Number of protein chains: 2
Amino acid sequence: MANSPSGDSVTDRLVRVLETFTPTRTAQTAAEIGRRAGLPNSTAHRIVGELVAAGLLERDDAGRVRVGMRLWELATRSSPALRLRQAALPFMERVQQRVREHTQLAILEQDEALFLERLSGTESGANVTRVAGRLPLHASSSGLVLLAFADRELQERVLDGPLAPLTGDTITDPRTLRRKLDEVRTLGHAIAPGSMEEVSTGVAVPLRDATGAVIAALSVVLPREAPTEPALLELYRAARDIERALSPHAG
Amino acid sequence: MANSPSGDSVTDRLVRVLETFTPTRTAQTAAEIGRRAGLPNSTAHRIVGELVAAGLLERDDAGRVRVGMRLWELATRSSPALRLRQAALPFMERVQQRVREHTQLAILEQDEALFLERLSGTESGANVTRVAGRLPLHASSSGLVLLAFADRELQERVLDGPLAPLTGDTITDPRTLRRKLDEVRTLGHAIAPGSMEEVSTGVAVPLRDATGAVIAALSVVLPREAPTEPALLELYRAARDIERALSPHAG
């Protein structure tokens, strides 16, 4: 495939265009995209034009472009994210109904916790998590579960830091984090009081595949001082049922 | 951007590669992708290699590739589909809990009903709908709502046929469909007994934006002979609450 003078492939440049769209930046002009993607203006206009023609981006009335429904459809319909999420959803709903707080599903992706789903009742409290959003491994309860059961190489890379503080309670000391990961492996779950947001405590359990490997984390976000046991009980029950639904022998 | 001898852009070829993945075909070899996308084998291998390098596709142990989590993330995190779905989800859950049947959200996309969400209890019955899957406008209750309130040009194109029968009860006669669409506009909702599957009845109501334009359909799939009124009541209540949540003045 044709490469630009700088040696990046057309695919790379398409990815750079798509990466300029974020949960809080959903509409942009081609010129803004070019500037944010580090592409010459003419290149940005040409790529955006092709993506619009293919239906992957859509133009709005103000001349800006957004991610198109067609791109969402193509990326979702055959995605492993969808299979995991569909298996988990009925049991996540049960957790949400009983605990009545945000209920979330995350996987490990490029050294961060990537959230596949978030269920929130109309009465749930504050929550920084977004669907298709990410949180750092050392600060979120989901991230601590994913990190504790990840391969040693990733653990050492994260422990090498930097461990950015999100609140005054985020673990930023590598020795403390190492002890915390050991605690998570021993308990089988993670409790993270105030490390993402001062006002809340994250509680997460692992989801395992048929080989016992951890493939995801299931979590709830509780008010900071709420008891964690009732939520943990529901999370463990849901994890067991989701693992059964995912098993190759499931009806 | 560089075009192939046949004049299609690199973007077109990327889209053709992505289009070979479907809900039931989630893993393929590069050679299979090339054949299904109508691309020379060497071109398919090169594009697949670039997409894997960019993280948009992922290679599995068997040498096949799947849609990557990164592509799902990029396509989802800023998508209008996500905003609509997140606003609708708590109220769809309420419908699902009360009606205890599949609860779905669909939009009009390229002359079909594209499903953004489907909630199913563990006890729900048969259902052909998939998230990021499509159903024909003339056969599904969601499709009938979307078509009834679509612009006349689309209505005439669909009425011009062909109107494929999915069951013995699918409307395949243009005059009958025209009367049905008029009925949907008069009632404000669609009831479609047996037209997608013999054993079930679809019930759908429209979702409107602040200008009154129909932007989506909210539906449930009931057993064929079940009463539709209780489900309709819940759907209308949910539609009202979702419209309020989507309104620019919503807290």
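B:R100 counts as partly exposed because its relative accessibility is 45% (buried means under 20% relative accessible area, exposed over 50%, partly exposed in between, with a 1.4 Å probe and protein chains only). Its phi is near 60°, a positive value in a residue other than glycine. Keep in mind that this is a predicted model, where local features need pLDDT of at least 70, side-chain atom pairs count only at pLDDT 80 or more, and totals for chains, interfaces and linings use all residues. As for bookkeeping, residues are numbered from 1 along each chain as its sequence is written, chains are lettered from A and ligands numbered from 1 in the order in which they are written, and side-chain values use heavy atoms, with hydrogens and water left out.

- B:R100 sits in the loop between α5 (80-99) and β3 (103-109) of chain B (helices, H or I with at least four residues, and strands, E with at least two, are DSSP runs numbered from the N terminus).
- B:A132 also has a positive phi, near 65°, and is not a glycine; look for B:A132 in the loop between β4 (112-119) and β5 (134-136) of chain B.
- With 2% relative accessibility, B:A132 counts as buried.
- In chain A, the peptide bond from A:G161 to A:P162 is cis, with omega near 5°, and A:P162 falls in the loop between α7 (152-159) and α8 (174-187) of chain A.
- Over in chain B, the bond from B:G161 to B:P162 is cis with omega near 0°, and B:P162 belongs to the loop between α7 (152-159) and α8 (174-187) of chain B.

**The sheet in chain B**

- Six strands make an open, antiparallel sheet in the order β5-β4-β3-β8-β7-β6 (chain B) (two strands pair if DSSP finds at least two bridges between them).
- β5 and β6 (190-193) of chain B are the edge strands with a single partner each, so one side of each is left without a neighbour in the sheet.
- From one strand to the next, the twist averages 30° (axes are lines fitted to C-alpha atoms, for helices over the stretch in contact, and angles run from 0 to 180 degrees between N-to-C directions).
- Four bridges link β6(B) to β7 (residues 200-208) of chain B in the antiparallel sense, and B:P193 has B:T201 as its bridge partner in β7(B).
- Helix α6 (residues 141-148) of chain B lies across β3, β4, β5, β6, β7 and β8 (214-223) of chain B, at about 35° to β7(B) (contact means heavy atoms within 4.5 Å).

**β3 and its partners in chain A**

- Strand β3 (residues 103-109) of chain A is mostly covered, with six of its seven residues buried.
- β3(A) runs antiparallel to β4 (residues 112-119) of chain A, joined by seven bridges; A:L108 has A:A113 as its bridge partner in β4(A).
- The hairpin of β3(A) and β4(A) has two residues between the strands, and A:Q110 takes a positive phi near 50° there.
- β3(A) also pairs antiparallel with β8 (residues 214-223) of chain A over four bridges, where A:T103 has A:V220 as its bridge partner.

**Rings and charges**

- A:R208 lies over the face of A:F149, 5.0 Å from the ring centre (a charge sits over a ring if NZ of Lys or CZ of Arg is within 6 Å of the ring centre and within 35 degrees of the ring normal).
- B:R208 lies over the face of B:F149, at 5.0 Å from the ring centre.

**Domains**

- Chain A splits into domain 1 (10-75) and domain 2 (80-246) (bounds come from an automatic or database domain assignment), and the C-alpha centres of these two domains of chain A lie 32 Å apart.
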